[in-house]
Amino acid sequence: MTLDDGAAERESPDAARPRLSVLLPLPFPGPLDYLGFLPPDTVEPGDLVTVPLGRREEIGCVWDATSTVPADFAPEPSQPIERRRLRPVRALLGTPRIPETLRRFIDWLAAYTLTPPGLVLAMAIRACSAEPPRPALGWVRGNADPTEVRLTPARRKVLDALGNAPRTTAELATIADVGPSVVRGLANVGLIREMVIPVAAPFAALDPDFRPPVLSDEQAIVAQALSEAVDARRYSATLLEGVTGSGKTEVYLEAVAQALRQGRQVLVLLPEIALSAQWTDRFARRFGAQAAVWHSDLGAKRRRMTWRAVAEGQARVVVGARSALFLPFPDLGLIVVDEEHDTAFKQEDGVTYHGRDMAVLRARIADVPVVLVSATPSLESLANVEAGRYAHLTLAARHGGAVLPEVGLIDMRAHPPERGLFLSPVLTEAINESFARQEQAMLFLNRRGYAPLTLCRACGFRMECPNCSAWLVEHRARRELACHHCGHTDPLPPTCPNCQAEGSLVPIGPGIERILEESRALFPDARILVMASDTLGSPQATADAVRRIAAREVDLIIGTQIVAKGWHFPHLTLVGVVDADLGLGGGDLRAAERTVQLLHQVAGRAGRAEAPGRVLLQSYVSEHPVMQALVSNDYRAFMEQEANQRRPGFWPPYGRLAALIVSAATAEAADALARTIGEHAPHLPGVQILGPAPAPLAMLRGRHRRRLLLRTRRNVAVQPILRQWLAGLRTASQERVDIDIDPVSF
Ligand code: ADP
Ligand code: ZN
């Protein structure tokens with residue numbers, strides 16, 4: 001065999017081709033080997049090429065021959081294929097190269113999350129395009145004298161259709177109602193000439209000193225520390241903690257300015273794309289031009305343009321959702337993660353990863369500083385500060401003398417609303433007082449729709465989703481029942497599907513549509529605006545809503561979690577939380593932390609300008625530590641308690657956790673598979689297996705789900721254990737095992 005191999009190599013011209021690793025955007029365990037181009041043509045790692053795969057042609061990325069993934073969670077290398085079985089690479093694409101730091105990030109993230117690296121690469125090259133964006137050309141009046149040229153009526157119509165700005169052939173032909181050949185004919189005689197259509201420069205130069213703020217002493221100290229981190233041009237992680245409205249954004253923009261002065265690129269991650277419009281407005285006021293925006297709803301053309309502008313270094317600052325982590329920055333100098341505590345950073349579909357944690361990894365690989373920003377930092381970040389892994393900067397005061405809102409509890413047992421209603425008289429009175437002072441009020445309820453449950457009064461039947469273990473939520477405006485997990489909808493039935501009783505179905509509990517109905521009755525003169533992800537379809541609609549609020553065209557805002565984000569509403573002084581207890585059920589260990597963060601964030605919308613703010617929490621469990629933490633506004637003391645609860649059991653962040661979600665078409669199959677996996681669980685010191693148990697949604701999209709949790713001490717990596725555990729596992733076609741490293745709920 002070896003002899004034949006050698007002979008083949010010597011004879012064929014392919015002998016001169018180098019062996020090449022190429023990673024394809026497909027679920028293979030690693031890169032595949034190909035033969036590179038014949039010298040002198042060469043390719044380098046990061047080049048995008050087309051390669052044959054079976055009978056198809058695929059785009060792939062030339063990959064590094066050796067892995068740099070740390071040994072404690074790297075997969076086993078595979079055996080190299082014999083050289084004579086390799087096929088040559090076909091063509092080099094004219095795209096910018098995938099930078100080394102991004103390639104290494106892809107490898108690490110894949111190994112960390114136990115995902116085939118090709119699927120991570122797929123996220124990085126989804127928007128790349130071989131063709132550079134070509135400038136469009138249009139027609140303007142030419143130099144020839146029209147009196148010296150014979151003009152047909154058709155040609156005359158084209159001349160009349162010319163504008164001051166260049167128009168394309170198609171535009172002219174349409175306006176003049178002639179064929180395109182008439183337009184070209186005019187060009188031949190010099191009556192019109194071609195000109196580049198000026199596009200508004202999409203990524204204009206940013207001026208770091210365009211309009212710098214005058215910082216308070218406290219802010220200046222923090223800004224200075226962040227700028228020094230940028231100047232160090234090395235990896236460092238900093239938690240920037242500051243009360244809502246203290247100027248955290250203002251201050252980290254100074255670090256952005258510093259990176260720009262160094263001529264380096266910056267990535268700012270936001271948990272929610274809805275936030276980006278307000279953020280970019282503010283950014284433009286500070287730097288005199290727009291930042292590049294990146295998120296999954298971007299149009300294909302814009303996406304390709306932005307990808308390329310980042311790769312070529314033309315886009316200096318990108319603000320985006322977590323997927324912006326996979327952009328090919330050649331010259332990254334700083335990463336900022338705003339609202340770092342937000343669980344929206346966790347991607348649950350496809351490749352499961354936490355945007356905040358991966359931002360820290362990206363920064364480490366690129367050897368640049370990362371700044372995590374929050375008024376209510378995650379326990380993970382606080383633990384990293386405590387362990388000395390992160391630096392800690394704080395802003396204690398609200399900017400401009402604004403004071404933090406006063407938080408009060410309404411004990412709903414003592415001050416119940418009227419029958420069938422949801423707002424306590426204490427709250428409605430406070431809202432009326434705000435209106436009397438010409439101030440805005442907000443009602444927060446983290447539940448879309450009209451009512452979370454529809455019940456038959458006659459037989460007790462509950463309307464449930466056929467595909468999920470969840471109730472159907474009534475959406476009265478759309479006259480339907482909807483599942484918030486799978487999107488299933490049913491028209492509202494006239495009779496009970498179970499006992500056929502007529503008019504017996506009643507809505508139980510409130511969603512924001514119901515709060516809107518109640519508010520309209522209570523405050524008939526108020527101008528009410530609803531802010532929910534399903535009523536505000538686009539970032540643009542959200543931006544409009546925010547502008548209307550700022551312009552005082554609104555008296556009462558009713559919203560879901562979208563209103564909790566970093567908005568600045570200067571005239572809002574009262575926030576009422578309709579159901580402060582809502583997030584506490586469900587037995588999730590992180591529920592308390594999440595509820596405090598969310599409600600603290602909601603409360604932070606009040607009183608951000610001169611007038612002081614007030615927050616009222618409606619609760620049936622006002623003695624609960626979460627409510628007490630909010631009233632005393634002592635976030636740190638609360639997190640201290642949280643830490644004390646999690647430390648002894650080695651729950652995150654004091655231990656490591658991975659979830660195995662086992663799913664199958666039937667409950668029996670799911671149980672059987674989960675049991676088999678459980679029986680093969682490893683017995684290792686410092687490692688605990690919990691479950692199998694029903695997953696938090698025991699049925700989702702028609703699949704039955706069971707969960708096993710793997711918990712280890714912090715110094716034990718979960719990846720090699722999981723790899724070994726699942727190595728021999730055989731699953732039937734309808735069965736699946738999904739791995740979630742560092743799950744957000746446990
Ligand atoms: P945070 O991000 O901590 O919630 P922001 O940076 O949004 O706080 O600041 C709150 C408000 O105060 C914003 O309207 C911001 O423009 C303003 N602000 C903060 N610091 C300054 C400053 N030094 N000069 C002028 N305005 C400031
Ligand atoms: Zn469903």
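Axes here are lines fitted to C-alpha atoms, for helices over the stretch in contact, and angles run from 0 to 180 degrees between N-to-C directions. With that convention, the axes of helix α9 (residues 276–287) and helix α15 (residues 539–550) come within 8 Å and cross at roughly 70°. That makes α9 roughly perpendicular to α15, a label that covers angles of 65 to 115 degrees, while angles under 35 count as roughly parallel, over 145 as roughly antiparallel and the rest as oblique. Helices (H or I, at least four residues) and strands (E, at least two) are DSSP runs, numbered from the N terminus.

The structure is a predicted model, in which local features need pLDDT of at least 70, side-chain atom pairs count only at pLDDT 80 or more, and totals for chains, interfaces and linings use all residues. Residues are numbered from 1 along each chain as its sequence is written, and chains are lettered from A and ligands numbered from 1 in the order in which they are written.

- The contact between the two helices is made by Ser-276, Ala-277 and Gln-278 of α9 and by Pro-539, Gln-540, Thr-542, Ala-543 and Val-546 of α15; two residues are in contact if their C-beta atoms, placed from the backbone, lie within 7 Å.
- By class, the contact of α9 with α15 has four nonpolar, four polar and no charged residues. Ala, Val, Leu, Ile, Met, Phe, Trp, Tyr, Cys and Pro count as nonpolar, Asp, Glu, Lys and Arg as charged, and the others, Gly among them, as polar.
- Helix α4 (residues 153–161) packs against helix α6 (residues 180–188) at an angle of about 80°, with axes 10 Å apart. That makes α4 roughly perpendicular to α6.
- On the α4 side the residues are Ala-154, Arg-155 and Val-158, and they meet Val-182, Val-183, Gly-185 and Leu-186 in α6. The contact of α4 with α6 divides into five nonpolar residues, one polar and one charged.

**The seven-stranded sheet**

- Seven strands form an open sheet with parallel pairing, in the order β10-β11-β9-β12-β15-β8-β16; two strands pair if DSSP finds at least two bridges between them.
- The edge strands, β10 (292–294) and β16 (391–395), each pair on one side only.
- On average, neighbouring strands of this sheet are turned by 20° against each other, direction ignored.
- Within the sheet, β12 (residues 332–338) and β15 (residues 369–374) pair in the parallel sense over four bridges, and Asp-338 has Val-373 in β15 as its bridge partner.
- Helix α11 (residues 355–366) packs on the sheet, touching β8 (236–242), β9 (265–269), β12 and β15, and its direction makes about 165° with that of β12.

**The five-stranded sheet**

- An open sheet of five strands has antiparallel pairing and the order β2-β1-β4-β3-β5.
- At its edges stand β2 (32–35) and β5 (91–92), each with a single partner strand, so one side of each is left without a neighbour in the sheet.
- Strand β3 (residues 48–53) runs antiparallel to β5 and is joined to it by two bridges; Thr-50 stands opposite Ala-91 in β5.
- Helix α3 (residues 117–125) packs on the sheet and touches β1 (19–23), β3 and β4 (56–63); its direction makes about 75° with that of β1.

**Ligand 1**

- The shell around ligand 1 holds 16 residues, and the closest are Pro-213, Gly-247, Lys-248, Thr-249 and His-399; a residue is near a molecule or strand if its C-beta atom, placed from the backbone, lies within 6 Å of it.
- Helix α8 (residues 248–261) gives the most to the shell around ligand 1, with three residues.
- By class, this shell has three nonpolar, eleven polar and two charged residues.

**Annotated regions**

- An unreviewed UniProt entry places the feature "domain: Helicase ATP-binding" at residues 229–395; UniProt positions are given in the numbering used here, feature names are shortened, and annotations may be inferred rather than shown by experiment.
- The end C-alpha atoms of residues 229–395 lie 17 Å apart, and the span is 37% helix and 25% strand.
- The unreviewed UniProt entry also places the feature "binding site" at Cys-456, Cys-459, Cys-496 and Cys-499. They span 44 residues in sequence, yet no two of their C-alpha atoms are more than 8.6 Å apart, so they gather at one spot.

**Backbone details**

- Most residues other than glycine have a negative phi, and most peptide bonds are trans.
- A cis peptide bond joins Pro-39 and Pro-40, with omega about 10°; Pro-40 lies in the loop between β2 and β3.
- Asp-177 has a positive phi, near 60°, and is placed in the loop between α5 (169–176) and α6.
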